[in-house]
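Here are a few quick notes to go with the model. Have it open while you read.

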Amino acid sequence: MPRVKIGPALPDRSVLNVEIAHLRDLDVSELRARWHTVFRRRPPPHLPRHLLFRVLVYRLQADRWGDLDTESQRLLDATGSPEDAGKRAVEIKRQTTEMRPGTMLAREWNDRMQRVAVLADGFAWNGKTYRSLSKVAQAITGTRWNGPKFFGLRDKPSEDPQSS
């Protein structure tokens, strides 16, 4: 009976594992040289060894198994620089985590005042406990929202006690 080939053959994982193990043994200068070979440009001078290693391993895996699809790349490109995205994430997290249990948040939605209590382990609304403000906002509106934005927490500048 003839063999039927179904789809492309999967790459041998052991070959990739050997390549990754080889990268793991390289020092910073060797990783920089490998980066230059792979990307045809010098690596950013501030990148530490562990990031050089991770980017090179990602490139190996992407070359072997395929990179991100176009939609995912577009989504990531739209977030701006990693530094800006990181700063926004930290600021949002800080605003949310600085709310003390017992704080009440209020928002008018469809001509009804919605009140949410901040708990030590989440948020209470309408007799139920939610682990995030975004889940509360979704329960109120029926659509996905960024919870801190829905309750107006993203629009207000944070109170920095050192700036007073």
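Predicted model: local features only at pLDDT ≥ 70, side-chain atom pairs only at ≥ 80, totals over all residues.

1. Residues are numbered from 1 along each chain as its sequence is written, and side-chain values use heavy atoms, with hydrogens and water left out.

2. The largest pocket comes out at about 410 Å³. Of its 13 lining residues, Val55, Leu76, Asp77, Gly80 and Pro82 sit closest to the centre. (On a 1 Å grid over the protein atoms alone, a pocket is an open set of points where a 1.4 Å probe fits, with protein on both sides within 12 Å along at least five of seven lines; lining residues have an atom within 4 Å of a point.)

3. Who builds that lining? Helix H2 (28–39), H3, H4 and helix H5 (82–97) each put in at least two residues, and H4 gives the most, with three. (Helices are DSSP runs of H or I, at least four residues; strands are runs of E, at least two; both are numbered from the N terminus.)

4. Leu68 sits in the loop between helix H3 (49–65) and helix H4 (70–77). Leu68 counts as partly exposed because its relative accessibility is 39%, between the limits for buried (under 20%) and exposed (over 50%), using a 1.4 Å probe and protein chains only.

5. Look at the loop between strand S1 (104–109) and strand S2 (112–119), where you'll find Asn110. Asn110 isn't a glycine, yet has a positive phi of about 50°. Asp111, in the loop between S1 and S2 too, has a positive phi near 65°.

Notes:
Points joined across faces, edges and corners; volume = space filled by probe spheres on them.
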